[in-house]
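Subject: Structure for you to look at

Dear colleague,

I am passing on the structure we talked about, and below it you will find my notes on what turned up when I went through it. Please read them with the structure open beside you.

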Amino acid sequence: MYQVLGWTMRHIWAFVCLAGALSAAQSAAWAAPRAFQLLDGQVVVTIIIKDRELPALLDTGATESLIDKDLADELGIRSRQTGRTYGASGRKTPFGRTQDVMIDIGGDRRAGAWERIRSAMHSPPRAYAY
Amino acid sequence: MDLLENTAVALDFQKMTVEIQPSRSIVPPMENPFPLKLNWDRPTLLVDLGDAEAELLLDTAASVSLHLSRSFVRDTPQLKDLPASRRKIVGIDGAHEQDSIIVPYIAFGGRTFSQVPASIAPLGNAPWGNSALKSKLDGIIGVGLLKRFNILMDFGRRLVWMTALPASS
């Protein structure tokens, strides 16, 4: 299971947080229902960043969006560490800020739709499993 | 600005589909909705634990059924003396063990559940620094329970519709 998680996080860690940073005026609407998966009990959707399809956690419990630092680097998204945040155990883990990133969350790609993605600096980050 | 401000998110756990629309464009279901509170921009629901009420976060990235804050359990008479066991969990900050109890009764979304396993830990793990500490959460409802419903979270109207699925779903 842990291997699956590791693989999952390596490939998915665009952490789509529903309470994140998309402005209302630019909010993307999916014209039709889109499939999601339950991976390790978490809701995972497909997004596109820089023409790459990536699985992403749909996280209504998060206030910001996250992307794995390694994945951000691989996609050419600049980031810098700005502090630390808390994980499920209450321990702190480093995080940073990325440059503005355009994300397609359902066939409606809009420049600047997402203001920012927070970037987890730990590699590989692991799934929230409270 | 919140990602979901003025949007509605529909999760159909039977068809395994998700839909995000502007709140104004959805046609509300016929069923009665429940109030959706935004606690530091996160959707919460008041649930009935029998003799107690709890404000729980609806969390689509939490795989467990139920997670309760340690302080809430400590302050809730019908929970604080329940026997606890240890279970391993994995978070963004690595693997660790947490206490777990069996909650005798919980009701929300028009449905009642009994004997629900719940992990226990401080919820000072609020996502982003001190801001999270300002928000009081009693716990989290994870996908283990959310998948028993089809859910429409309307962040614009601050309402949630929950349609219970057959027990086998």
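Two strands are taken here to pair if DSSP finds at least two bridges between them. Please also keep in mind throughout that this is a predicted model, for which the predictor gives the complex an ipTM of 0.84 and a pTM of 0.78.

With that rule in hand, strand β1 of chain B, residues 7-12, pairs with β12(B) in the antiparallel sense over five bridges, and in this pairing Leu11(B) stands opposite Ile151(B). On the other hand, β12(B) also pairs with strand β13 of chain B, residues 159-164, again in the antiparallel sense, over six bridges, and there Leu152(B) faces Trp161(B) across the two strands, standing opposite this residue of β13(B). The hairpin made by β12(B) and β13(B) has four residues between its strands, and within this hairpin Arg158(B) takes a positive phi near 55°.

These strands belong to an open sheet of six strands with antiparallel pairing, whose order is β2(A)-β2(B)-β1(B)-β12(B)-β13(B)-β3(B). The loop between β1 and β2 of chain B holds Met16(B), a residue that has a positive phi of about 55° although it is not a glycine; because it has 15 C-beta neighbours inside 10 Å, Met16(B) counts as partly exposed.

Is strand β12 of chain B buried or exposed? Six of its six residues, 149-154, are buried, so the strand is largely enclosed by the rest of the structure. The burial concerns both faces of β12(B), with Phe149(B), Ile151(B) and Met153(B) on one side and Asn150(B), Leu152(B) and Asp154(B) on the other.

In soluble globular proteins, nonpolar side chains tend to be buried together.

As for the chains as a whole, chain B comes to four helices and 13 strands, and 46% of its 169 residues count as buried. Among its contacts between residues at least 6 apart in sequence, 60% join residues at least 24 apart. Chain A has two helices and 10 strands, which run α-β-β-β-β-β-β-α-β-β-β-β from the N terminus on, and 47% of its 130 residues count as buried. In chain A, residues 24 or more positions apart account for 66% of the contacts with a separation of 6 or more.

Trp40(B) is found in the loop between β4 (37-39) and β5 (42-48), and with 18 C-beta neighbours inside 10 Å it counts as partly exposed; Trp40(B) and Leu137(B) are 97 residues apart in sequence and 9.8 Å apart in space, C-alpha to C-alpha. Gln115(B) lies in strand β10 of chain B, residues 111-121, and its phi is near 55°, a positive value in a residue other than glycine. Gln115(B) is exposed, with 9 other C-beta atoms within 10 Å.

Lastly, a word on confidence. Chain B averages a pLDDT of 85, and 85% of the residues score at least 70. Over residues 125-134 of chain B, however, the pLDDT is below 50, although this stretch has 22 contacts in the model beyond near neighbours in sequence. Where pLDDT is low, the predicted coordinates should not be read in detail.

With best wishes

How values were computed:
Residues numbered from 1 in each chain as written. Chains lettered and ligands numbered in written order. Predicted model: local features only at pLDDT ≥ 70, side-chain atom pairs only at ≥ 80, totals over all residues. Buried ≥ 20, exposed ≤ 12 C-beta atoms within 10 Å, placed from the backbone. Contact = placed C-beta atoms within 7 Å. pLDDT = per-residue confidence, 0-100.
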